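Visitor: Could you walk me through this one? I'd like to go from the fold down to the side chains.

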Amino acid sequence: MDYNLQFDEAVLVECEDVSLDDGKLLAVKGNLILTNQNVIWAAKTMFGRIKEIQKYLISSVKVYDNKAQVKIEEKIGEPTRLTIHFQYQSIKFIVNEKVKEREFANSLNKIVVGTNTDIIPKHAIPGVAFIGETLKGTVIAFKNAIGIQKNTSQSCNTCGASISGIKGQIIKCPYCNSENKL
């Protein structure tokens with residue numbers, strides 16, 4: 001398809017049959033394209049022809065904690081939404097192919113921040129990280145309650161600040177953010 005690309009612009013990821021979630025009852029369908037320069041939304045007619053193209057510069061994607069602000073939001077009973085936070089607006093899309101959705105989010109992050117770190121795991125069940133952290137905290141609290149694990153404190157290896165926690169646990173220093181094993 002012709003997306004009116006610049007001569008030095010290349011398509012990296014293309015998601016078809018995507019809906020723009022603009023809050024209206026009838027969602028606009030089209031293609032969501034990631035290039036090395038833009039996020040492109042190509043709205044289609046009901047007959048599959050492109051009727052409108054909107055381009056958003058990659059450089060306008062918000063970054064926090066060295067991660068592009070692109071998220072996959074999942075709510076029970078609703079389709080998942082790919083949300084991209086730009087400097088002046090946030091746009092939500094409903095991507096029907098979950099693998100493409102993750103590929104799009106991770107590729108966008110790689111372009112924006114310049115690292116090969118995936119921000120959306122490729123083979124994780126949504127919410128597993130949250131459940132794992134919750135269970136980890138519960139197990140630690142249980143072990144503390146029955147006296148299996150002992151609290152300890154030491155100095156941060158990087159800045160010398162006092163840190164404390166459970167022996168053997170990795171603690172992030174609240175002052176310099178370095179990780180220390182107790």
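Visitor: Which strands does helix α1 lie across, and at what angle does it run to β1?

Guide: Helix α1, residues 98–113, lies across β1 (11–20), β2 (28–35), β3 (38–44), β7, β8 and β9 (90–95), and its direction makes an angle of about 130 degrees with β1. Contact here means heavy atoms within 4.5 Å, and the axes are lines fitted to C-alpha atoms, for helices over the stretch in contact, with angles running from 0 to 180 degrees between N-to-C directions. Helices (H or I, at least four residues) and strands (E, at least two) are DSSP runs numbered from the N terminus.

Visitor: Before we go on, what sort of model is it, and how are residues numbered?

Guide: This is a predicted model, in which local features need pLDDT of at least 70 and side-chain atom pairs count only at pLDDT 80 or more, while totals for chains, interfaces and linings use all residues. Residues are numbered from 1 along each chain as its sequence is written, and side-chain values use heavy atoms, with hydrogens and water left out.

Visitor: OK, what's the strand order in the sheet?

Guide: The sheet is open, with 7 strands in the order β4-β3-β2-β1-β9-β8-β7 and antiparallel pairing, where two strands pair if DSSP finds at least two bridges between them. Its edge strands are β4 (50–57) and β7 (70–73), each of which pairs on one side only, and the twist averages 30 degrees from one strand to the next.

Visitor: How many bridges does β1 make with β2, and how many with β9?

Guide: β1 pairs with β2 in the antiparallel sense over 7 bridges, and E14 stands opposite I33 of β2. With β9, β1 pairs over 3 bridges, also antiparallel, and there V18 has V95 as its bridge partner.

Visitor: And what joins β7 to β8?

Guide: These two strands run antiparallel and are joined by 4 bridges, β8 being residues 81–85; within that pairing, V70 has I84 as its bridge partner.

Visitor: Switching to charges, how many salt bridges are there?

Guide: A search of the whole structure finds 4 salt bridges, each defined as a side-chain nitrogen of Lys or Arg within 4 Å of a carboxyl oxygen of Asp or Glu. One of them joins D17 and K29 at 3.5 Å, N to O; because D17 lies in strand β1 and K29 in strand β2, the pair ties together parts that are 12 residues apart in sequence.

Visitor: Which residue does E73 pair with?

Guide: E73 forms a salt bridge with K92, the closest N and O atoms being 3.7 Å apart, and it connects strand β7 to strand β9.

Visitor: Last topic: how many disulfides?

Guide: The count is 0 disulfides, a disulfide being a pair of cysteine sulfur atoms within 2.5 Å. For C159, the nearest cysteine sulfur is that of C173, 3.7 Å away, and for C176 the nearest is that of C156, also 3.7 Å away.
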